[in-house]
Amino acid sequence: MVQTSIQNYINGVLIPPISGKYLPNVNPAEGKIYSQLPDSDAEDVKKAVIAAQEAFPSWSSLPVEERSKYLLQLADLIDANLEGLANAESIDSGKPLNLARTVDIPRASANFRFYATAALHFSSEAHLTGNQALNYTSRKPLGVAACISPWNLPLYLFSWKIAPALAAGNCVVAKPSELTPMTAYLLSKLCIEAGLPKGVLNIVHGLGPKVGQAMVEHKDVPAISFTGGTLTGQKIASTAAPMFKKLSLELGGKNPNIVFADCDFKEAVQNSVRAAFTNQGEICLCGSRIFIEQSLYENFKEEFIEQVKQLKLGDPIKEDTKIGALVSQNHKEKVLSYIELAKDEGGKLLTGGKTAQVTGRCEEGFFVEPTVFEGLPFDCRTNQEEIFGPVVTLTPFNSEEEVIAWANSTKYGLSATVWTQNLKRAHRVADRIESGIVWVNCWLLRDLRTPFGGVKQSGVGREGGMEALQFFTEPKNVCIKT
Ligand code: NAD
């Protein structure tokens with residue numbers, strides 16, 4: 001039974017889509033429709049852009065301290081509604097409730113808090129040109145920014161874009177993934193509760209090729225911040241580039257996790273399991289290609305498989321569940337097709353490999369067992385293409401040179417992890433790996449002040465820290481003859 005009709009948030013109010021059409025929203029753990037979301041189109045986007053344009057003059061000229069107060073209030077409201085938001089995120093995405101409660105939602109409020117305060121410390125530059133001139137650089141917000149986010153960390157990634165855009169003085173038209181719209185809808189209610197001026201943030205729900213495309217094409221939207229798949233990123237770039245829009249693209253990954261024989265064995269195994277299967281492997285930063293130095297290979301494999309078998313798969317609502325449902329039936333089928341591909345390519349299945357049956361309310365849910373293969377060459381499709389699910393490979397390597405070449409062999413370059421206690425090697429390998437971030441003896445440890453993003457086909461531009469505030473502003477240099 002349909003219980004909730006999600007609404008668009010445009011010009012400060014919750015409204016239905018102009019067409020009156022809705023899409024089903026499925027709870028992936030049960031495989032059932034549990035709410036509906038607006039099937040918005042270009043008309044809704046137009047309306048949202050007009051609202052944002054009208055709000056821009058007063059929002060951008062508010063003292064930064066005032067904008068900061070609104071964002072801090074949103075952060076507080078997210079914290080105050082932690083349980084409801086975590087529940088919504090888990091129901092929408094299939095992820096364990098515990099993960100949403102301890103990671104996704106707290107990080108969403110941390111994003112708002114970080115940019116609310118970072119904007120207060122944003123400093124501009126001045127340069128003396130000998131005794132001839134004084135140059136100073138001011139940075140102005142861009143106007144209406146489009147923020148488009150994926151389904152895997154719904155509120156976290158949504159807020160990661162919206163918060164810096166708003167803090168820098170822009171107004172925003174945002175679109176969450178059509179697969180996980182609920183937390184963005186709840187956020188729009190919190191914006192109303194916080195008294196955010198109308199039109200400053202507008203949230204339009206619906207399909208990517210309809211709503212997302214209309215946002216990217218809109219002539220009055222000069223900047224697009226996008227996180228999602230590499231193919232979608234290509235499409236967005238091909239639309240936006242001829243219009244000379246500012247673009248930040250955070251795209252796919254196929255990240256190497258490199259284990260040297262001199263690692264702290266216990267730490268390396270435990271965290272390699274975490275890096276492989278947290279959020280069912282549906283994190284762009286998951287380490288899905290695990291390379292292990294030959295002399296450690298058999299020991300590592302044995303302990304790794306043992307720990308993977310202990311991961312509790314099941315109802316996301318249960319406290320001890322570590323592996324929940326995949327986000328959709330389509331995604332489940334995609335993951336299963338990669339498992340078949342890995343077998344066809346000669347991979348030896350070490351554990352998992354099929355749909356998982358969960359009893360009770362979740363018997364129709366989209367569950368796949370955590371799956372591990374070995375015996376696959378580094379350059380086969382299984383080891384080159386992004387699966388974005390609970391499927392990883394183990395591969396032994398013989399030398400540092402060899403593993404660096406394998407690590408760098410994909411078209412992606414988002415993140416990498418290196419396990420070694422040799423400090424010199426850690427620096428050497430980190431330096432040669434082609435990726436935006438390298439974790440040494442850790443994984444997913446984030447300091448919001450550091451730049452975040454990928455190289456090669458994992459994206460262009462950087463989010464995080466002051467980089468995001470720079471992205472959402474345009475520098476202007478004034479040169480005064482002295
Ligand atoms: P996706 O590209 O299918 O969709 C992402 C968003 O783009 C959704 O809101 C979607 O509706 C919208 N969209 C789709 N077509 C569009 C178009 N033509 N114009 C504008 N918007 C459009 O990605 P997904 O399946 O939601 O997410 C999974 C992907 O995201 C994976 O590849 C993953 O690696 C990547 N990801 C990257 C990062 C990162 O920081 N680099 C973080 C999380 C996820």
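How much space lies in the largest pocket? About 1,300 Å³. The structure is a predicted model, in which local features need pLDDT of at least 70, side-chain atom pairs count only at pLDDT 80 or more, and totals for chains, interfaces and linings use all residues. Residues are numbered from 1 along each chain as its sequence is written, and side-chain values use heavy atoms, with hydrogens and water left out.

A pocket is an open set of points on a 1 Å grid over the protein atoms alone, where a 1.4 Å probe fits and protein lies on both sides within 12 Å along at least five of seven lines; lining residues have an atom within 4 Å of a point. Grid points are joined across faces, edges and corners, and a volume is the space filled by probe spheres set on the points.

The largest pocket, with its space of about 1,300 Å³, is lined by 46 residues, and Trp151, Glu178, Leu179, Gly229 and Thr232 are the closest to its centre. Two or more lining residues come from each of β4 (22-27), α7 (208-217), β11 (223-227), α8 (230-240) and α11 (329-344); helices (H or I, at least four residues) and strands (E, at least two) are DSSP runs, numbered from the N terminus. Domain 1 (4-251 + 458-481) and domain 2 (256-447) each supply at least three residues to this lining, the domain bounds being taken from an automatic or database domain assignment.

The second largest pocket holds about 650 Å³ of space. Its lining has 38 residues, with Leu99, Thr278, Asn279, Ile283 and Trp443 nearest the centre. Helix α4 gives the most to this lining, six residues. Domain 1 and domain 2 each contribute at least three residues to the lining of the second largest pocket.

Nine aromatic pairs are present, a pair being rings of Phe, Tyr and Trp (its six-membered ring) with centres within 6.5 Å; planes under 30 degrees apart count as stacked, over 60 as edge-to-face and the rest as tilted. Phe114 and Tyr115 are edge-to-face, at 4.9 Å centre to centre and 90 degrees between the planes. Both Phe114 and Tyr115 are buried (under 20% relative accessible area, 1.4 Å probe, protein chains only). Ring pairs also join Phe114, Tyr115 and Trp160 into a cluster.

Phe300 and Phe304 are stacked, because their ring centres are 5.6 Å apart and their planes are at 20 degrees. These two buried residues lie four residues apart in helix α10, about one turn of the helix.

Methods:
Buried means under 20% relative accessible area, exposed over 50%, partly exposed in between (1.4 Å probe, protein chains only).
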